Amino acid sequence: MNNRIITLKNKPRILSFAAVAGKKEAEGPLFNLFDEVYEDTKMGQESWEKAESILQKNAVTKALQKGSLKQSDADIIFAGDLLNQCTGSSFGIKDFDIPYAGVYGACSTMALSLCMAAMSVDSGYCNTALAVTSSHFCSAEKQFRKPLEYGGQRPPAAQWTVTGSGCVAVSKNANKNAPRIEKLAIGKIRDLGITDANNMGAAMAPVDVKIEP
Amino acid sequence: MSVSKNEYDKMAKAASPDSPVVLNCIKAFLFGGGICCFGELLFFLYGLTSLNNDKIKILVPITIIIITAIITAFGVFDNIARHAGAGTVVPITGFANSVVCSAMEFKNQGKIMGVGANIFSIAGPVILFGTAAATVYGVIYWFVERVF
C-alpha cells in the first residue's frame, strides 16, 4: 500500500457486466450501452422499492448470462443501494443462491462494491465475485426528498437519481483481453458543509484522493 | 484539498445555475392570482344560491381543496406547480396537495402505518405551528378584548 492506494498483485479481470435502466436513462447518450431498458419504471410491482429490487435481479441475471456463469460460480455478491437497510439489494438478490454482503456507499456503492469484489478475488478467497448496485429515482425521492406528486419546484442545480442497476463479475477466470483491476483508491470523507438535499453532487465532490501515476 | 467550508460554499454556489427569480415571480403572481380570481368566481356563483355568506366562505376553500386533491391524484398538479411555484404552494392548493401526495406515496405501506403515519409528513409543521400561533393570538385577543 502506497499513499493509501491499494495495489492488487494478481490484477483480477472483469469477466462480464450488465446494466439495466429506466425510460429516462434510455433517452440519454448511453442508451445503446444498456442491456435492458424498461418503459414501465414500476416494473409491474406495487411499490418503487420492489421495482428497484427487480432492476437488481435483472442486472445480476443478465451479467451471469453474459459471462456464461452459473449461480454456483459466483462465490460472493457485494450489493448495495440507497434504501434503508439496503432493502433493494436484499430483496433483489434473495432468489440467487449466492452469499451476500450488503454494502452502503450512497453514490459510491458501485465503486465500493467493485473494490471489495476485486480484493476478494485478488486475495484468492474467491474465484468470482459480483459487484452490484441499483438506484431508483422514485424510491430515492420518497426516501430522501418529497413524494412524487408533491407540487414543488426543483432548483436548477438539482440532480436526478438514476433508475437502473449494474452488475460486474470480477473473476480470475476471465479471458486475457478483459479489462483488469490494478489499483484501488478509496476516498476519505470530506464534509464541507453542503446541506442541500437536492445538491448531493456538491456534497460528494470534495472526496480526498491522491492518485500517484 | 485545502478549501474551507466558506470557500467551498461559494464555489458550489458559483457552479450552480441560479433560479430565474423574475420569471418565477411573474409566474407565481399569475398562477396565484388566477387561483384567487377563481375563488372570487366561486364566491360569486355560490352567492347565486340560497346559501348564506358564512357557508359560502367555507364552501369556496373546500371546493378548491377538492379540485386540488383530484388533480393531484391524476398526476397533473405537480406539472402545473413546477411552473407556478409559490403561486400554487401559498394558496390552500399547496396544503391540499401536500396531504394528498403524501397519502398517495405511502399508500402501499398500509392504511395505518403507511397513510396514517405519513399523510401529514409535509403538512405537519404547518398544522403544528398554525395551531400554536392561533392559540397564542387567541390568548392575546382574549386579554385585549377585556382591557379595551
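Gly80(A) stands opposite Thr133(A) in E6(A). This is a predicted model, where local features need pLDDT of at least 70, side-chain atom pairs count only at pLDDT 80 or more, and totals for chains, interfaces and linings use all residues. Residues are numbered from 1 along each chain as its sequence is written, while chains are lettered from A and ligands numbered from 1 in the order in which they are written.

Strands (E, at least two residues) and helices (H or I, at least four) are DSSP runs, numbered from the N terminus. Strands pair if DSSP finds at least two bridges between them.

| Partner of E4(A) | Residues | Bridges | Direction |
|---|---|---|---|
| E6(A) | 128-135 | five | parallel |
| E5(A) | 100-102 | three | parallel |

In E5(A), Tyr100(A) is the bridge partner of Ile77(A).

Is strand E4 of chain A buried or exposed? Five of its five residues, 76-80, are buried, so the rest of the structure largely encloses E4(A). Buried means that 20 or more other C-beta atoms, placed from the backbone, lie within 10 Å of a residue's own. Ile76(A), Phe78(A) and Gly80(A) point one way, and Ile77(A) and Ala79(A) the other.

Now to helix H2 (residues 21-47) of chain B. Phe31(B), Gly32(B) and Ile35(B) are the buried residues of H2(B).

Finally, 22 residues of chain A are in contact (C-beta atoms, placed from the backbone, within 7 Å) with 27 residues of chain B.

Methods:
Buried ≥ 20, exposed ≤ 12 C-beta atoms within 10 Å, placed from the backbone. Contact = placed C-beta atoms within 7 Å.
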